Amino acid sequence: MRKLANNHSLKLGLTGFSYGDLYDANRLQDLLALFDRSVRHHDPSLFSEYEHYRSCQGNGMDPVNVSELLVKMAPLVGQFVARLFDVDEDRINQVKHIRQEFDTVFVYRNEVVAKLDKHFQHEDAENWDSALIIHHKV
């Protein structure tokens with residue numbers, strides 16, 4: 001990640017916008033309009049859901065639907081913010097790293113943890129001495 005000594009000299013990654021615009025309500029509206037256009041272009045159906053959510057602030061919506069919508073919107077917000085602060089490459093590298101970690105965890109879960117029952121089917125883990133197991137040196 002880049003370190004900036006002076007945030008006021010921060011160059012934004014979106015043409016036509018400057019750091020000072022982040023403190024200007026009118027320019028924030030312009031940024032929101034740009035974000036909306038990018039979401040609408042990426043997925044018109046998702047944008048329609050998002051627009052509905054935004055208009056009612058989630059009131060009257062099923063909490064599960066709100067949660068699913070926010071999860072679907074999160075990557076688009078992340079992409080937009082990365083473009084805004086000109087850190088696309090950093091974001092891409094971080095996403096790759098996180099995916100690799102998830103893959104490792106899920107492989108371990110599926111290949112090791114999920115198969116433990118088969119290997120210990122006659123064991124009752126409730127009776128195990130966890131302190132002894134933790135301190136046991138192999």
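Modeller: Start with the nonpolar patch on the surface. Tyr108, Val112, Val113, Leu116, Phe120, Trp128 and Ile133 form this patch. Together they have about 630 Å² of accessible area. Keep in mind that the model is predicted.

Now go inside. The largest nonpolar core has 16 residues. Leu14, Leu31, Phe35, Val39, Tyr50 and Met73 touch the most other members. Helices α1, α2 and α3 (63-84) are the elements that give two or more residues to this core. The largest share comes from α3, with 5 residues.

Next, the aromatic residues. There are 4 aromatic pairs in the structure. Take Phe35 and Tyr50. Their ring centres are 6.0 Å apart and their planes stand at 90 degrees, so this pair is edge-to-face. The cut-off for that label is an angle over 60 degrees. Phe35 belongs to helix α1 (residues 25-42) and Tyr50 to helix α2 (residues 44-56), so the pair ties together parts that are 15 residues apart in sequence. Buried or exposed: which applies to Phe35? Phe35 has 7% relative accessibility, so it counts as buried. Tyr50 has 13%, so Tyr50 counts as buried too. Both values lie under the 20% limit.

With Phe47 and Phe80 they form one aromatic cluster.

Leu14 lies in the segment before α1. Its relative accessible area is 5%, so Leu14 is buried. Which residues does Leu14 touch, not counting residues up to four places away in sequence? They are Leu31, Leu34, Phe80, Arg83 and Leu84. Phe80 is a member of the aromatic cluster, and Leu31 is among the core residues that touch the most other members. Look also at Leu14 and Ala82. They are 68 residues apart along the chain, and their C-alpha atoms are separated by 9.9 Å.

Conventions:
Residues are numbered from 1 along each chain as its sequence is written. This is a predicted model: local features need pLDDT of at least 70, side-chain atom pairs count only at pLDDT 80 or more; totals for chains, interfaces and linings use all residues. Side-chain values use heavy atoms; hydrogens and water are left out. Rings of Phe, Tyr and Trp (its six-membered ring) pair if their centres lie within 6.5 Å; planes under 30 degrees apart count as stacked, over 60 as edge-to-face and the rest as tilted. Helices (H or I, at least four residues) and strands (E, at least two) are DSSP runs, numbered from the N terminus. Buried means under 20% relative accessible area, exposed over 50%, partly exposed in between (1.4 Å probe, protein chains only). A nonpolar core is a set of buried Ala, Val, Leu, Ile, Met, Phe, Trp, Tyr and Cys residues joined through side-chain atoms within 4.5 Å. Patches are made of residues with over 30% relative accessible area and no salt bridge: like charges are joined within 9 Å, nonpolar side chains (Val, Leu, Ile, Met, Phe, Trp, Tyr) within 5 Å. Accessible areas come from the Shrake-Rupley method with a 1.4 Å probe; for residues, only the protein chains shown count as cover. A salt bridge is a side-chain nitrogen of Lys or Arg within 4 Å of a carboxyl oxygen of Asp or Glu. Contact means heavy atoms within 4.5 Å.
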